[in-house]
Amino acid sequence: MGPILEIENVSLQFGGVKALDNVSYHIEKGEIFSLIGPNGAGKTSMLNCISGLYQPTGGSIRYKGQEIINMKPYNRTTLGIARAFQNIALFAHMSVLDNLKLGRHTLMKSGALSGGLYIGKSSNEEIEHRKKVEEVIEFLELQDIRHTPVGTLPYGLQKRVEVGRALALGPELILLDEPMAGMNSTEKDLMARFILDMHEVMEITVVLIEHDLGIVMNLSDHIAVLDFGKRIGFGTPEEIQKNPDVIKAYIGEETFI
Amino acid sequence: MRECGNYKTTYRDDMKLFGTTGAKIKAIIIILTILALPLFASSYWVGLLTLCAIASVGAIGLNILTGLTGQISIGVGAFLGVGGYTSAILTSTAGISFWVALPIAGIVTALIGGLFGIPSLRLKGLYLAIATLAAQVIILFVISRWDGLTGGTAGMVLSRPTIGQFSLSSNTGYYYLCVIILLLTVLYATNLIRSRTGRAFLAVRDRDIAAQIMGINLFKYKVMAFAISSFFVGIAGALLAHYTMIVSPELYSFHVSIEYLAMILIGGLGSIFGSILGAVFITLLPVGLSSLIDVMAGIMPDLYQLFSAFKDFVFGAVIILFLIFEPGGLAHIWLNIKKYFRLWPFSY
């Protein structure tokens, strides 16, 4: 299987700050790919470039061979790229069900007129997509809270709904920005299981940003390491663990007095 | 009303607006009451209720834009004017039937509303509010200066619509027309909220960045919200014009825009039912005040002179009090009352 996403010499500059500096790597179809690095290394900026919230100052991003660097964010969604945010970006006043249905926005068709009439095609469409959404609800074990407004849910569940909203799109590539941040070890295990299931059952390519290196090493097929916007490592978990630059960035240099 | 034992077995059942027999009966009773009101009320009160219904249509329109999509507009007054003048020009000058002119008035207002919605891509919050204020000023300027088309500051005279031989010139007949249009508006807006477009509106309001990642084209939906909202405001404007049977620039001043904003603030942002409550509240507020003053005049005769100042004072005070004590508006108060009685008398 060829690469689903190719990142080539991507640079991103905010004024004098180089958030990303000539970063290149590629993601194979059907793998779990992790992006790691110390705080402020540019991991989230990288995801923002992929999903289109930031416009890179140079380089190229190809999805299945197609250049997407100049595409609007909402058009990238239709290609099958979904995203879960680091700081929960759910619609707090809406129910879990409505949040997930919003994830399917691009797959639905009804407009303002047919939606307002809500008969025939439009209501059939709602039912058809409700079935798909219910599959995600079952997958992430959200059954008992489907009608609860998201804002009232505890943090761990909100994180899961956030992932669910990205999954509801039925994506080929899912970008998960720290899905396990702030969770205890039980919750982390549960989320790790969901990620593995996404990968194995749903055959989705997963891009993961995570700080828990134990989980990253266990889950990932390939890893890219960023530090101060530069790619300092790229390869399998074993290669990364032996990479001197990565060790230096994480632990610091050994100094002799 | 049965709260438990109410199990849904299909998604279609779960989507129904009136899921239980109790809810259906309640809806029918409410509709019958609204239709039967003119039988018991005097012509004066039927007139007031008609104004309430027309204001409700406009308030629902504004709530779709401000409450649901989060785009503040203070140009409602002018958009009412666009609806009113379109209908006036079509019926009086061009001699087209009211029944054709009414939807055209809505569509023309929707187009102009969509046009003034274009800045919403770049402008948010306060800045957008000022941009819509520009719409108010520009539209009113055009209306009062384009003498050949609009009759300038003198305004235009309209007539009540007819169905075949039957004229809706009585207050009762016109009341039924407005109430039916209000019911259709409520039905449309309720459905819109729970459909794809409505969810997109809410997403734009709550988190526009996440909405983009969901695949929502912000610009398209913002302009669409302006257009849909203006459509209903335009319909309300046309209905109002044919009710008062006159259009002139001062009827659509800045003050009207503020009144409509007050309606949805007091009623409840984003709530259809709240829009109606707010519209009724603001429409009946001066009536209530003047009857209160009638009663008080026996004790303090000087109150009559103070009345006009008093009205604005109460209007402002009510808005401030609602903002402080009940930001959810009348709709939220209503929900709280319902919640209280659901468990009454064992509310622990």
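At what angle do the axes of H3(B) and H12(B) cross, and within what distance do they come? The close-ups below, taken from a predicted model, start there.

**View 1. H3(B) meets H12(B).** The two axes cross at roughly 75° and come within 9 Å. Since angles of 65 to 115 degrees count as roughly perpendicular, that is the label for H3(B) against H12(B). On the H3(B) side, look for Ile54(B), Ala55(B), Gly58(B), Ala59(B), Leu62(B), Asn63(B) and Thr66(B). H12(B), which covers residues 254–267, answers with Tyr260(B), Leu261(B), Met263(B) and Ile264(B).

**View 2. H3(B) packs on H13(B).** Here H3(B), residues 43–68, sits with its axis 8 Å from that of H13(B), at an angle of about 135°. That makes the pair oblique, and the crossing is right-handed. From H3(B), the contact includes Tyr44(B), Trp45(B), Leu48(B), Leu51(B) and Cys52(B). Among the H13(B) partners are Ile272(B), Ser275(B), Ile276(B), Ala279(B) and Val280(B). Ala55(B), Ala59(B) and Asn63(B) of H3(B) belong to this contact, and they turn up in the H12(B) contact as well.

**View 3. H13(B) from its start to its bend.** At the start, a side-chain oxygen of Ser271(B) comes to within 3.5 Å of the backbone nitrogen of Phe273(B). Further along, the helix bends by about 40° at Leu284(B), with Pro286(B) following within four residues. Leu284(B) is also one of the residues touching H3(B). How far apart are the end C-alpha atoms of H13(B)? They are 38 Å apart, which agrees with the 38 Å that its 26 residues should span at 1.5 Å a residue.

**View 4. H2(B) alongside H8(B).** H2(B) (residues 21–40) and H8(B) (residues 171–193) have axes that come within 9 Å and cross at roughly 160°. That makes them roughly antiparallel, in a right-handed crossing. Ile31(B), Ile34(B), Leu35(B), Leu37(B) and Pro38(B) of H2(B) meet Thr172(B), Tyr175(B), Tyr176(B), Val179(B) and Leu183(B) of H8(B).

Conventions. Residues numbered from 1 in each chain as written. Chains lettered and ligands numbered in written order. Predicted model: local features only at pLDDT ≥ 70, side-chain atom pairs only at ≥ 80, totals over all residues. Heavy atoms only, no water. Helix = DSSP H or I, 4+ residues; strand = E, 2+ residues; numbered from the N terminus. Expected span 1.5 Å × (residues − 1). Bend = angle between axes of the 7 residues up to and from the residue. Polar contact = N/O pair within 3.5 Å; in protein donor to acceptor, adjacent residues only side chain to side chain. Axes fitted to C-alpha atoms, helices over the stretch in contact; angles between N-to-C directions. Parallel < 35°, antiparallel > 145°, perpendicular 65-115°, else oblique. Left-handed = near helix turned anticlockwise from the far one by under 90°. Contact = heavy atoms within 4.5 Å.
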